[in-house]
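Hi,

Here's the structure I promised to pass on. Have a look, and my notes follow below.

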Amino acid sequence: QLRRAADSVHSNIAEGNGRHATADYLRHLSMSNASLNEIGSRLHFIERRYGRTKETIAAVSRCTTTARLHGGLVRSLRAKRKREG
């Protein structure tokens, strides 16, 4: 499940980037954000069930960093869309 969600994140970003309309890109980024949230939720469950390990701490950190970068991309595209009218 984690692998499918991770594949979905980068697949939706790539597919959205290939679209000509900013609105389409943002729609795909919304789907990739949902997958990022799923990953974060599953990692939280894994930590509760099996405890925190070096691996889970690193995975949560990567997920958090990715979500932060993702949010920056969304904000940038929304600002671009607003400028374009």
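Arg 27 is partly exposed, with 48% relative accessible area (buried is under 20%, exposed over 50%, partly exposed in between, with a 1.4 Å probe and protein chains only). Its salt-bridge partner is Asp 24, with the closest N and O atoms 2.3 Å apart; a salt bridge here is a side-chain nitrogen of Lys or Arg within 4 Å of a carboxyl oxygen of Asp or Glu. Asp 24 is partly exposed too, at 22%. Both sit in helix α2, three residues apart, or about one turn (helices are DSSP runs of H or I, at least four residues, numbered from the N terminus).

Before you go further: this is a predicted model, where local features need pLDDT of at least 70 and side-chain atom pairs 80 or more, while totals for chains, interfaces and linings use all residues. Numbering starts from 1 along each chain as its sequence is written, and side-chain values use heavy atoms, without hydrogens or water.

The whole structure has five salt bridges. Another one joins Glu 38 and Arg 42 at 3.5 Å, N to O, and those two are four residues apart in α2, about one helical turn. Arg 52 and Glu 47 also pair up, at 3.7 Å; Arg 52 is exposed at 61%, whereas Glu 47 is buried at 16%.

The buried residues of α1 (2-17) are Ala 5, Val 9, Asn 12 and Gly 16. They fall within an arc of 80° seen down the axis, so they line one face (the arc is taken from the directions from the axis to the C-beta atoms). The face turned away carries exposed Arg 3, Arg 4, Ala 14 and Asn 17.

Cheers

Conventions:
Expected span 1.5 Å × (residues − 1).
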